[in-house]
Amino acid sequence: MIDSHCHLDHEPLLENLNDIINRSKKVGLTKLLTICTTLDSFESIKKIIKKDKMIYGTYGIHPHETEKNQVKKETIIQAIKENNKIIGIGETGLDFYYNHANKNRQIGSFKTHIEASISLNKPVIIHSRKAELETF
């Protein structure tokens, strides 16, 4: 079994990472995919994926974070090419329920992530809340 969406770089998981890994193995998990949400998050994820062979990561900017975090397609591509344990793109998408980020910034960021995923032939982890039509 695989946990395909966790945030090991967030507390309280990060401070208990060794325990999380051990408990995951005890219950039969074979892989953990820790999902990136910010530029700082990616720096943490690069360290976390080295902790155990079962941990993999992604690179992306959550829609709530697009006011403070913007990334270019080339940056995403380079980050993924540099590490074979970064296996997906995201968390990206649209969230129009909360007003944490400008709608157009979210859309632009989402498009950038999609373009990078097409270039790399990698999956995208999509967050969509009250934006189903625009996401589709």
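Let's start in a loop: Thr-66 sits between strand 3 (55–59) and helix 3 (73–81). Keep in mind as we go that this is a predicted model. Is Thr-66 buried or exposed? With a relative accessibility of 0%, Thr-66 counts as buried, because the cut-off for that label is anything under 20%. Its side chain reaches the backbone oxygen of Pro-63, at 3.0 Å. If you skip the neighbours within four places in sequence, Thr-66 is in contact with Ile-61, Ala-101, Arg-105, Gln-106 and Ser-109.

The side chain of Arg-105 meets that of Glu-67 in a salt bridge, at 3.9 Å from N to O. This pair links distant parts of the chain, since Glu-67 is in the loop between strand 3 and helix 3 while Arg-105 belongs to helix 4, 38 residues apart. Both partners are partly exposed: Glu-67 has a relative accessibility of 37%, and Arg-105 has 32%.

Which residues of helix 3 are buried? They are Ile-76, Ile-77, Ala-79 and Ile-80. These residues cover an arc of only 165 degrees around the axis, so they lie on the same side of helix 3. As a reminder of the geometry, an α-helix has 3.6 residues a turn, so residues three or four places apart point the same way. The face turned away from the buried side carries the exposed residues Glu-74 and Lys-81. And what do the buried residues pack against? Their partners are helix 2 (39–48), strand 3, strand 4 (86–95) and helix 4 (103–120).

Next, the strands. Strand 1 (residues 2–6) and strand 2 (residues 31–34) run parallel and are joined by 3 bridges. Within that pairing, Asp-3 stands opposite Leu-32 in strand 2. To get from strand 1 to strand 2, the chain passes through helix 1 (residues 17–26), and this β-α-β crossover is right-handed. Strand 2 is also joined to strand 3 by 3 bridges, and these two run parallel. Here Leu-33 has Tyr-56 of strand 3 as its bridge partner. Strand 2, helix 2 and strand 3 make a right-handed β-α-β unit.

Back to charged pairs, then.

Helix 1 gives us a local example. The side chains of Asp-19 and Arg-23 meet in a salt bridge at 3.1 Å, N to O. Asp-19 and Arg-23 are 4 residues apart in helix 1, so about one helical turn separates them. Asp-19 is partly exposed, with a relative accessible area of 38%, and Arg-23 is partly exposed too, at 47%.

Lys-25 and Asp-52 meet through their side chains in a salt bridge of 2.7 Å, N to O. Lys-25 is in helix 1 and Asp-52 is in the loop between helix 2 and strand 3, so the pair links distant parts of the chain, 27 residues apart. On the accessibility side, Lys-25 is partly exposed at 41%, whereas Asp-52, at 14%, counts as buried.

Definitions and conventions: Residues numbered from 1 in each chain as written. Predicted model: local features only at pLDDT ≥ 70, side-chain atom pairs only at ≥ 80, totals over all residues. Heavy atoms only, no water. Buried < 20%, exposed > 50% of the residue type's maximum accessible area, 1.4 Å probe, protein only. Polar contact = N/O pair within 3.5 Å; in protein donor to acceptor, adjacent residues only side chain to side chain. Contact = heavy atoms within 4.5 Å. Arc of directions from axis to C-beta. Pairing = 2+ DSSP bridges. Right-handed = clockwise from strand over helix to strand, strands pointing away. Salt bridge = Lys/Arg side-chain N within 4 Å of Asp/Glu carboxyl O.
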